[in-house]
Amino acid sequence: MLKAKKLKIIAVFMSTVLSASLLGGCASNKGTTTKSTQQIIRYNLGANPKTIDPGLNSSVEGGTVIANAFEGLTDVDANNKPHPGVAQSWTVSADGKSYVFHLRKNAKWSDGKPVTAHDFEYAWKRALAPETASDYAYQLYYLKNGQGYNESGLPAAQKTPGVAAATADQVGVKAVDDYTLNVDLENSTPYFLSLLAFQTYMPVRKDIITAHPTDWALNGSTYVSNGAFMMKDWKQKDKLEFVKNPYYWNKSAIKLTNLTYTVLDDATSYMSAYQSGQIDMIDTPPTEQTPTLLKQGKAKTYVNIGTYYYSFNLDPKAKLDASVAKALNNVNVRKAISLAIDRTALVNDVTKAGQYPATSFVPRGIIGPDGKDFKQKEYYSAKGDVTQAKKLLSDAGYPNGTGFPTIELMYNSGDLHKSVAEAIQAMLKKNLNINITLRAVERKVQLDEVSKHTYAGMARNGWSADYADPMTFLDMWVTGSGNNVVGYSNKQYDALIAAAKTETDTTKRFNEMHQAEDILMNDMPIIPLYEYNVVSAMKDYVKGVYRTPMDIVYFTNAYVQK
C-alpha cells in the first residue's frame, strides 16, 4: 500500500497510483439510497485466509480483511494517497530517520478501550520477536535494531554479517505516553509512511493475545480490532462475517452495517452465486467468460502491480527426492524450463484478461528518479526460446529430457491456477519432453508449504506490491527472508539489497536494485509468468468500494444504493 510524504529524499512515485479510481459498479444506477436499503455487501475473497492476524498474515486475502478491520498510524484513500489514521499528526527529523507520531485520543478498539501508542509498540515488537516467526518480520527491519532483534535467536552462522544482536528494548519504537509514539529508523526510508498502512504495522492488543495466544484471530469474541469493521463470526471454509465497529473513531463516515467475505475458490461456483444475487462482488470470473464480460461492460480490469510466478524449492534442508533436488539445483535446468514457456500464448490463450507476459520479476508501474519505469529490461523473450531451452537441458545432462525426473507442481485450487498449470505442463512436455505432475491444494496448504519449503519441487506463487518501490519485489529474496519461498541465497544479491536500503542517492539506489534483479534473473530461482491485473465484477448497486494497485480492497467508503 502506497503512503508518501516528502522528506529530504525524493520519494519514489508511480503514475498508475495517481489514476487509481473508485470502483463505482459495472453499470450506472441513478437510484437513491433510502433508510430501508440494507447496507450489506458480500464479497468473495476467493480463498479461506490462512490467518487474519496482522503480525502473521502474508496473503492478499488476509490483507483485505485486515485492512478493513484495523487501522494503522496512517491510512490510504481512494486515490491511494496517504492521510492520517490513528496518528492525527507527525513530525519528521531533518535526516528523515526519526518520527514522532501524535495519536488521536478518540481512537478506540472494538470493545471500547482506547487505542494507545503502547499497542503499536507491542505489535511491532511482537512481529519482530524470533518466537513469533512472522513471514513479514523483515518489513520491520527499517526500525533501528529491528533486524538485530529478529535474528537474536539464530545460531551465529545464520545471522546476517554486520548486524549486531539487539534486545526488544533496543528496537526503535517507543511509546512515550499513551498518545505519543517515537520511531527511529536505521536509515532514511523514502517509503516508510507507505509501510505504516501495511498489515504488519497494525496495532494489536497485548492483553487479548496473552489470554488467547493461538486462537485470538479465529473468533469474533476475541478478534478485537480498531478499524471500521469488527468480526462477528468466522465459519471456516464458508464465510467471515463482519459488522460496523460502533467504537471506530470515524464511525459516522461508515455506511455499511454488515460486510461478509465468502471464500469460494471454484470460479463456476462463485460466478453462479454472483449471478443469483448471493454475492455482490467477485474477482477473477471464469476464464472462458472473462473476455465477454469485459466486452459487455459487466466486469472491469483494474491495475495491480504484481507478478504471477512459479518457484523452485532450492532449500538445502528441504526433503526432496534426490533426483529432483539434483535437477532443480542446476541453473541450466531452471533456465531451460523458463525458456520453454511461451508467456505470450499463456496470456492470450489461457488467462485472457489483458495481462502482460512477465519478462522480469519487477513488473511495470513503478517510476524511478529518472521519470522512467523501473522495468527497462526483458531478460528473455515473452515467446520463449525452445531451441536454447533444449540446449540448456542437454548441457545439464538431460538431452531431449532423457533421465529427467518427474517433478511435481503444486498450486492452490482455482480454475485459473489449474488452467495455467495445465498449459505449462503441456508446454514442458512438448518442448522439453519432461513430465510435470500437478497437485491442487487449498490456499492454506499452499501458503504453509511454500512458507516452510515443504513442497516437492515447483509451486505456484504470486506477489503484489506492498508499497510503490522495487524493493517490495526484491528484498523478499534476501537469504532467510520470511517470504523467500525458494530458500534462495546469494551473498552478492544480499549485499546489493543491503546497500540499496541505505543509499540516499536515488539514482545509485535504483542502479543497485537493477543489479540485484540481474542476479536474480540469471540465477532463475523463480519463473515469472505474467504481470497481474484484476478483473472484477460488481453489482451496480454497490458504490464507493476502492481497490489500490497493491490489490487491497477497501470498504470503508462503500455503501449500497438501490
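Residues are numbered from 1 along each chain as its sequence is written, and side-chain values use heavy atoms, with hydrogens and water left out. Because the model is predicted, local features need pLDDT of at least 70 and side-chain atom pairs count only at pLDDT 80 or more, while totals for chains, interfaces and linings use all residues.

Colleague: How many aromatic pairs are found in the whole structure?

Modeller: Rings of Phe, Tyr and Trp (its six-membered ring) pair if their centres lie within 6.5 Å. Planes under 30 degrees apart count as stacked, over 60 as edge-to-face and the rest as tilted. Searching the whole structure gives a count of 31.

Colleague: What kind of pair do Y99 and F192 make?

Modeller: Y99 belongs to strand 6 (residues 98–103) and F192 to helix 5 (residues 192–195), so their pair ties together parts that are 93 residues apart in sequence. Helices (H or I, at least four residues) and strands (E, at least two) are DSSP runs, numbered from the N terminus. The ring centres of Y99 and F192 are 5.1 Å apart and the planes stand at 50 degrees, so the pair is tilted.

Colleague: Are Y136 and F198 buried or exposed?

Modeller: The rings of Y136 and F198 have centres 4.7 Å apart and planes at 80 degrees, so this pair is edge-to-face. Buried means under 20% relative accessible area, exposed over 50%, and partly exposed in between (1.4 Å probe, protein chains only). Y136 has 3% relative accessibility and F198 has 4%. On those values Y136 counts as buried, and F198 is buried.

Colleague: Which residue has its charged end over the ring of W249?

Modeller: A charge sits over a ring if NZ of Lys or CZ of Arg is within 6 Å of the ring centre and within 35 degrees of the ring normal. One such case is K539 over the face of Y274, at 4.1 Å from the ring centre. For W249, the charged end lies 3.6 Å from the ring centre and belongs to R104.

Colleague: How many of the nine residues of helix 11 are buried?

Modeller: Helix 11 spans residues 343–351 and is mostly covered. Its buried residues pack against helix 10 (331–339), strand 14 (356–357), helix 13 (415–432) and strand 18 (526–538), where contact means heavy atoms within 4.5 Å. R343, T344, A345, L346, V347, V350 and T351 are the buried residues, and the number is seven.

Colleague: Which residue caps the N-terminal end of helix 11?

Modeller: A polar contact is a pair of N or O atoms within 3.5 Å; within protein, one must be able to donate a hydrogen and the other to accept it, and residues adjacent in sequence count only if both atoms are side-chain atoms. Here a side-chain oxygen lies 3.1 Å from the backbone nitrogen of T344. The residue that supplies this oxygen is D342.

Colleague: What is the bridge partner of V173 in strand 8?

Modeller: Two strands pair if DSSP finds at least two bridges between them. Strand 7 (residues 173–177) and strand 8 (residues 180–184) run antiparallel and are joined by four bridges. They form a hairpin with two residues between them. Across it, V173 is bridged to V183.

Colleague: Is K174 buried or exposed?

Modeller: K174 is placed in strand 7. Leaving out residues up to four places away in sequence, K174 touches E121, T180, L181 and N182. Its relative accessible area is 51%, so K174 is exposed.

Colleague: Where does K237, with its positive phi, lie?

Modeller: K237 is not a glycine, yet its phi is positive, at about 65 degrees. With 60% relative accessibility, K237 counts as exposed. Its place is the loop between strand 9 (229–235) and strand 10 (239–244).

Colleague: Which residue has its backbone nitrogen 3.3 Å from a polar side-chain atom of T64?

Modeller: T64 lies in helix 2 (residues 60–69) and, at 2% relative accessibility, counts as buried. Leaving aside neighbours within four places in sequence, T64 is in contact with Y43, L45, Y261, D551, I552 and V553. The backbone nitrogen in question is that of V553.
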